Amino acid sequence: MNSNQSGTLYVVATPIGNLGDMVPRAVEILQSVTAIACEDTRHSKKLLDHFRIDKPLIAYHDHSDKKSSHNILVRLAAGNDIALISDAGTPLISDPGYRLVLAARQQGVTVIPIPGACAAVAALSVAGLPTDKFRFIGFLPARTTQRKKVLQDLVAVPETMVFYEAPHRILETLKDSAEIFGAEHSAFVAREVSKTFETYLFGTLAELINTVAADSNQQRGEIVLILAGSEGSASTVSVDGEKILRLLLAELPAAKAAALTAKITGGDKKQFYQMALALKG
Ligand code: SAM
């Protein structure tokens with residue numbers, strides 16, 4: 001409890017797969033609070049039963065009726081500690097909670113995180129792409145046109161990008177990404193992290209498309225897609241590529257020379273075209 005006598009709102013991460021990923025402190029806190037706010041009470045009940053946590057559950061969504069958040073805020077104001085969990089992973093990360101945390105802060109309630117699993121961070125930690133800076137995008141739009149527009153807007157982003165994607169859309173999204181970032185752009189797909197059938201695919205977008213298309217299992221389960229930023233892709237132009245481009249440029253127009261260099265080296269046509277313009281200029 002804090003000095004203004006109101007309770008504390010604990011934002012508690014829960015496992016994204018293996019229940020062993022639940023941190024002991026999360027169990028302690030969930031056992032100590034007066035009530036637990038969650039997305040889906042039936043879903044969370046299973047997790048809580050596993051850890052022998054028997055507390056009243058309050059359904060909470062950022063867009064649900066004001067009554068549930070009001071109820072939580074009143075309980076906090078009365079000095080009760082409340083925990084917020086989501087179906088899996090860290091609340092607020094593509095999950096509900098932001099409005100509640102904001103309202104609690106505005107009310108002077110102490111808000112404390114209990115850190116644990118987060119699919120985005122778990123995937124990033126094994127992607128082998130630069131992590132000194134990264135951009136979390138979350139879910140892409142389900143419709144192709146809007147999805148392509150979002151991807152197009154990200155094409156010049158220098159840092160690694162992290163997406164959550166539905167399994168039935170992963171192939172389409174990989175294809176859209178290849179169209180926009182180039183087939184040789186580096187990417188990573190983390191599927192079913194911390195679960196029995198976890199798989200991790202690293203390669204160019206062209207390679208990932210082939211693997212995912214050939215194996216329907218790769219289009220099942222939960223998926224984090226990571227795309228290299230414009231500065232992190234292994235598809236950066238090689239010295240050999242530049243040599244070839246220079247030779248071809250002496251004989252051919254820039255577009256033709258770039259296309260041929262890309263074919264010979266397996267590199268990215270757009271990048272060679274930009275290089276060709278720079279060499280000519
Ligand atoms: N708050 C959660 C977190 O901290 O990761 C994310 C919630 S978001 C509604 C659910 C999405 O996260 C899934 O559709 C999937 O893209 C990703 N995700 C969750 N668990 C995952 C797992 N075990 N493996 C891969 N991706 C996962």
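View 1. Start with tyrosine 164, which counts as buried at 10% relative accessibility (buried means under 20% relative accessible area, exposed over 50%, and partly exposed in between, using a 1.4 Å probe and protein chains only). Keep in mind that this is a predicted model, where local features need pLDDT of at least 70 and side-chain atom pairs count only at pLDDT 80 or more, while totals for chains, interfaces and linings use all residues. Residues are numbered from 1 along each chain as its sequence is written, and side-chain values use heavy atoms, with hydrogens and water left out.

What else is in this view? Rings of Phe, Tyr and Trp (its six-membered ring) pair if their centres lie within 6.5 Å; planes under 30 degrees apart count as stacked, over 60 as edge-to-face and the rest as tilted. That rule gives 4 aromatic pairs. In one of them, the rings of phenylalanine 136 and tyrosine 164 sit with centres 5.2 Å apart and planes at 75°, so this pair is edge-to-face. The pair ties together distant parts of the chain, 28 residues apart: phenylalanine 136 is in strand 6 (residues 134-139) and tyrosine 164 in strand 7 (residues 160-165). Here, strands (E, at least two residues) and helices (H or I, at least four) are DSSP runs, numbered from the N terminus. Phenylalanine 136 is partly exposed, at 33% relative accessible area. Ring pairs also join Phe136, Phe139 and Tyr164 into a cluster.

**View 2. A tilted pair of phenylalanines.** Phenylalanine 188 and phenylalanine 202 make a tilted aromatic pair, 6.5 Å from centre to centre with 50° between the planes. Phenylalanine 188 belongs to strand 8 (residues 186-191) and phenylalanine 202 to strand 9 (residues 199-204), 14 residues apart. Buried or partly exposed? Phenylalanine 188 is buried at 3% relative accessibility, whereas phenylalanine 202 is partly exposed at 48%.

**View 3. The largest nonpolar core.** A nonpolar core is a set of buried Ala, Val, Leu, Ile, Met, Phe, Trp, Tyr and Cys residues joined through side-chain atoms within 4.5 Å. The largest one here has 22 residues, and Phe163, Leu174, Phe181 and Leu227 have the most contacts inside it. Strand 7, helix 7 (170-181), strand 8, helix 8 (205-214) and strand 10 (223-227) each give two or more residues. Helix 7 supplies the largest share, 6 residues. Zoom in on phenylalanine 163 and, leaving aside neighbours within four places in sequence, you'll find contacts (heavy atoms within 4.5 Å) with residues including Ile137, Leu151 and Val224.

**View 4. Helix 3 meets helix 4.** Helix 3 (residues 66-77) and helix 4 (residues 98-106) pack at about 40°, with axes 11 Å apart. Those axes are lines fitted to C-alpha atoms, for helices over the stretch in contact, and angles run from 0 to 180 degrees between N-to-C directions. Ser69, Ile72 and Leu73 of helix 3 make the contact with Leu100, Ala103 and Ala104 of helix 4.

**View 5. Glycine 267 in its loop.** Glycine 267 sits in the loop between helix 10 (254-265) and helix 11 (269-280). Glycine 267 is partly exposed, with a relative accessible area of 24%. Not counting residues up to four places away in sequence, glycine 267 touches Glu184, Ala262 and Phe272. Glycine 241 is 26 residues from glycine 267 in sequence, and their C-alpha atoms are 7.8 Å apart in space.
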